[in-house]
Amino acid sequence: MKQLHLIAAAVALTCALAGAHAQTAPKNAEQATIDANAAFSKTLPWSDTQAFDDARRGFVAELPGGKIDGANGRPVWNMAAYGFLAKEQAPDTVNPSLWRQARLNAINGLFKVTDGMYQLRGLDLSNMTIVEGKTGLIIIDPLLTAETAKAGLELYYQHRPKKPVKAVIYTHSHADHFGGVKGVISEEAVKAGQVKVYAPQGFMDTAVAENVIAGNAMSRRATYQFGSLLPPSEKGSVDTGLGKNLARGSLTLIAPTNYISDKTPKLNIDGVDIEFMMAPGSEAPSEMMLFFPQHKVFDVAEVVTQNMHNLYTLRGAEVRDAVAWSRYIDQARARSGDRAQIMIAQHHWPTWGTDNVDALLRKQRDLYKFIHDQSVRLLNEGYKPDQIAETLKLPDSQQATWSSHGYYGTLRHNARAIYQKYLGWYDANPAHLDPLPETQEAKKQVEYMGGADAVIERARKDFAAGQYRWVATVMNQVVFADPSNKAARELQADALEQLGYQAEGGTWRGAYLSGAQELRNGVPKLPALNTLNDDTLRALTTGLFFDYLGVRLNADKAQGKHIVLNWDFTDTKEKYVLNLENSALTYSLGNGDPKADASFVLTRATLNEVILGKTTFPEVIKAGKAQVKGDPRKLGELMGMLDTFPSSFPIVEPLQ
């Protein structure tokens, strides 16, 4: 969910839009939705209530007041807003299975896992685990924002001795597992050697790379996945499946001091033995699990959760390797499953008892292998992505297991992900090879159907019959043919809303209801976003930064231009040649091009300050922080060719 797999810009976006409400009130559930949810409820294993006992076990204290305020007094986290989840019975507007998951994720506060180990749960999208060492604390995954992590540590200190933090461990490279680090430690303490920061090999590269290059689009799409603009209510935000939502505070990052790999399977940190199990390319490109033999606790990070996870995330990302994911779970089970009396994760609640731990590991192992193998079987029989999604059903043994349900990932979109991984976007039907652009196609289809009025009249009858998937599809065509058609927008919004009310997946609910909201009220006017901040920019390699400039280059503006710039970074000892030619921006390592238009000598830290707007190139040159040979105006010319991405591009209506 998440990638910066939760994206710094998405955090800034939700912060800027905190308290945003739809201008048009949501509608009630239609009878067809009420009937669908009631029928689905009859298929669920309601007699299994163990998860509620597990989620409450070891409870110490709730977050006082249920809120965490930021520096401006605005809440960065507000669990109190989800007080409506106290009702056991699901309302008509929420899938009953998702309602159960939302209520479990609403159980929040400080929990004792076992002697010497505690968790903060429900203070952010993820969990923060605290292990008590001989002289201090080991903190695992300090949440998404500094404000929530700080509040979590303060809640712990209210009930436990105030020992200093001696180590921080990032289990993987998603922002909700490292972004709050400066709420629990300072960079100065790390530089002084007072605190060590551990992370899996490859952490820094994967933590920032994906979401810098495509960060703007991911950020916008993430508002749909997480329902960031939906107010908490029975008709709005109830849960993402993985946790409540994204905290709206400050995302920070401190670079690791120590990297864990297969060559470092075991460490003793402040008297605590930890066995590491690497799982790269599973739920995250860089990820590891941890076993604590003294505590008999297995921390599976996010490789195993209390729901089906994403093989493809709706905000957009590379498809994950289901086979490797399944294999890592089996390897972990073989290495530590029979020794673990408790299994924790960095989301959701623990699993207690060796037999229960083993059962969950086996179910999750088989879940991802099932999705992979059966999807590949069907694609090899000629099934297309939509046919696979429509055909594939979980076996009864998995359907009867709450933790296999698709609250965050779903079987339908994960099955499509497998197709994408092996065969890509093209389904081999030549009619789909080069179709008309979406808007042109929509206009022709509406014309063929007899015009917008005729289509809307037929669609209203289908809506009354509960055919919401079709109504959403056909009204999408009318809206793309004519975005000003208010009747079509309203009818599509109504259909999406009912689909959201029926969705078991929290991310699907968020997407459907966000689409309905924007059809009724228009694309929100969002503040300009930058996917870089001070911490993430410092973590970005210079090469990746130049790649980021490359994807912002407007090819039309660069037409016929040729600019060569030499860069000499005195602090990192790096030398680059940046070349604009043929409307493409490339770079190479080297001592410089003698024919360059300009050459710059400065520190990378100085360049960062310029990028962040803390200063300008003329100012740093005047201050003697940078030396320039040649024509410095060429840099300004290049920067003038770069696009500034819009933060609020349309999704459920045409771009133009």
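Predicted model: local features only at pLDDT ≥ 70, side-chain atom pairs only at ≥ 80, totals over all residues.
"Buried", as I use the word today, means under 20% relative accessible area.

Confidence first. The protein chain averages a pLDDT of 94. 95% of the residues score at least 70. Over residues 1-12, pLDDT stays under 50, though the model has 76 contacts for them beyond four places in sequence. Residues 15-22 also stay under 50, with 14 such contacts.

Look at β8 and β9. Strand β8 covers residues 165-169, and β9 covers 196-200. They run parallel, joined by 3 bridges. Isoleucine 169 stands opposite tyrosine 198 in β9.

On to aromatics. The whole structure holds 23 aromatic pairs. I'll take two.

Pair one is tyrosine 170 with phenylalanine 203. The ring centres are 4.8 Å apart and the planes are at 20°. Planes under 30 degrees apart count as stacked, so this pair is stacked. Tyrosine 170 lies in the loop between β8 and α6, and phenylalanine 203 is in helix α7. The pair therefore ties together parts 33 residues apart in sequence. Both residues are buried.

Pair two is phenylalanine 546 with tyrosine 576. Here the centres are 5.5 Å apart, with the planes at 75°, so the pair is edge-to-face. Phenylalanine 546 sits in helix α20, residues 542-552, and tyrosine 576 in strand β18, residues 574-581. That contact ties together parts 30 residues apart in sequence. Again, phenylalanine 546 and tyrosine 576 are both buried.

Pair two also belongs to a cluster. Phe546 and Tyr576 are in one aromatic cluster with Phe545, Trp567, Phe569, Tyr587, Phe600 and Phe617.

Last, charges over rings. The charged end of arginine 100 sits over the ring of tryptophan 402, 3.9 Å from its centre. Arginine 220 lies over the face of phenylalanine 649, at 6.0 Å from the ring centre.

That's my tour. Questions, please.

Note on methods: Residues numbered from 1 in each chain as written. Heavy atoms only, no water. Pairing = 2+ DSSP bridges. Helix = DSSP H or I, 4+ residues; strand = E, 2+ residues; numbered from the N terminus. pLDDT = per-residue confidence, 0-100. Contact = heavy atoms within 4.5 Å. Phe/Tyr/Trp six-rings, centres within 6.5 Å; stacked < 30°, edge-to-face > 60°. Buried < 20%, exposed > 50% of the residue type's maximum accessible area, 1.4 Å probe, protein only. Lys NZ or Arg CZ within 6 Å of the ring centre and 35° of its normal.
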